[in-house]
Amino acid sequence: MTTLRRLGLLAPLAALSLAGCGLNSVPTAEENVNANWGDLQSEYQRRSDLIPNLVNTVKGAAQQEKSVLVEVTEARAGANRIQLSPADLSDPAKVSAFNDAQNRITLSLQRLQEAYPELKTNQNFLTLQSQIEGTENSILVARRDYNEAVQGYNTRIRTFPDAVGAKIFYGAKPKVPFEAAAAAQSAPTVDFNAQ
């Protein structure tokens, strides 16, 4: 056999050996880790952008509704402070004050009635809860996907035959899986107090 012919037979064998050494699978696994890390970062950014805006929207709606309800309560309390006895019915100023107080209640109740279709704080809070839960679930899935990609990559670069190519061609090092911070043991606080 000639040397050229021997090399021709060895070339497919060499290519097959290199393919079995992680030449393509290691970078593919690493790109999968990087993509999953990007997805996780995207979910964190979504939470960072979304939740404070939703909380502020709910707080604003609650504040508007609170002002309507406070107005009705104050008008009712003011009307209850003005007492009109049968002896006062001949005093125009006392009768007028009583009528003004009752009219304030009527106007406040009308405002409440007009605003009632817009009073949606309860629905806003439910929507906020749903968004928080959905966001945290998306983050959970992204964390899990990232950790699975890291596990696959780390396993690939540590097991034969891919470990050979991973070390020789790429100098591959294990990736670090996501781990919860120590503070993650405490539940986060959602604060609705106006600042």
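Select arginine 156 and aspartate 162 to begin: the two form a salt bridge, with their closest N and O atoms 2.6 Å apart. A salt bridge is here a side-chain nitrogen of Lys or Arg within 4 Å of a carboxyl oxygen of Asp or Glu. Side chains of opposite charge can pair when their charged atoms come close. Arginine 156 counts as partly exposed at 32% relative accessibility, whereas aspartate 162 is buried, with a relative accessible area of 10%. Buried means under 20% relative accessible area, exposed over 50%, and partly exposed in between, computed with a 1.4 Å probe on protein chains only.

The model is predicted: local features require a pLDDT of at least 70, side-chain atom pairs count only at pLDDT 80 or more, and totals for chains, interfaces and linings use all residues. Residues are numbered from 1 along each chain as its sequence is written, and side-chain values use heavy atoms, with hydrogens and water left out.

**Whole chain**

Next, colour the protein chain by pLDDT, the predictor's confidence in each residue on a scale from 0 to 100. The chain averages 75, and 69% of the residues score at least 70. Where is confidence lowest, and where is it highest? The lowest mean, 57, belongs to helix α1 (residues 3-19), and the highest, 85, to helix α4 (residues 121-158).

Switch to a cartoon view to follow the fold. The secondary structure comprises 5 helices and 0 strands, and along the sequence the pattern reads α-α-α-α-α. Helices (H or I, at least four residues) and strands (E, at least two) are DSSP runs, numbered from the N terminus.

With a surface displayed, the protein chain exposes about 13,600 Å², of which carbon and sulfur atoms supply 56%. Accessible areas come from the Shrake-Rupley method with a 1.4 Å probe; for residues, only the protein chains shown count as cover. Of the 195 residues, 23% count as buried. Among contacts (heavy atoms within 4.5 Å) with a separation of 6 or more, residues 24 or more positions apart account for 80%.

**Glutamate 30 and lysine 175**

How many salt bridges does the structure hold? There are 3. For another of them, select glutamate 30 and lysine 175, whose side chains meet at 3.0 Å, N to O. This pair links distant parts of the chain: glutamate 30 lies in helix α2 (residues 25-81) and lysine 175 in the segment after α5 (162-170), 145 residues apart. Glutamate 30 is partly exposed, with a relative accessible area of 27%, and lysine 175 is likewise partly exposed, at 23%.

**Arginine 47 and glutamate 136**

Move along helix α2 to arginine 47, and select glutamate 136 with it. Their side chains meet in a salt bridge of 2.9 Å, N to O. The pair links helix α2, which holds arginine 47, to helix α4, which holds glutamate 136. The two residues are 89 apart in sequence, and their C-alpha atoms lie 8.0 Å apart in space.

The pair is also joined by a polar contact of 2.9 Å between the side chains. A polar contact is a pair of N or O atoms within 3.5 Å; within protein, one must be able to donate a hydrogen and the other to accept it, and residues adjacent in sequence count only if both atoms are side-chain atoms. Arginine 47 is partly exposed, with a relative accessible area of 27%, and glutamate 136 is partly exposed at 31%.

**Tryptophan 37 and tyrosine 146**

Now select the aromatic residues. The search of the whole structure finds 1 aromatic pair. Tryptophan 37 and tyrosine 146 form this tilted pair, 5.0 Å centre to centre with 55 degrees between the planes. Tryptophan 37 lies in helix α2 and tyrosine 146 in helix α4, so the pair ties together parts 109 residues apart in sequence. Rings of Phe, Tyr and Trp (its six-membered ring) pair if their centres lie within 6.5 Å; planes under 30 degrees apart count as stacked, over 60 as edge-to-face and the rest as tilted.

Are these two residues buried or partly exposed? Tryptophan 37 is partly exposed, with a relative accessible area of 38%, while tyrosine 146 is buried, at 7%.

**Asparagine 36**

Asparagine 36 counts as buried at 12% relative accessibility. Its side chain reaches the backbone oxygen of asparagine 32 at 2.8 Å. Leaving aside residues up to four places away in sequence, asparagine 36 touches Asp145, Tyr146 and Ala149.
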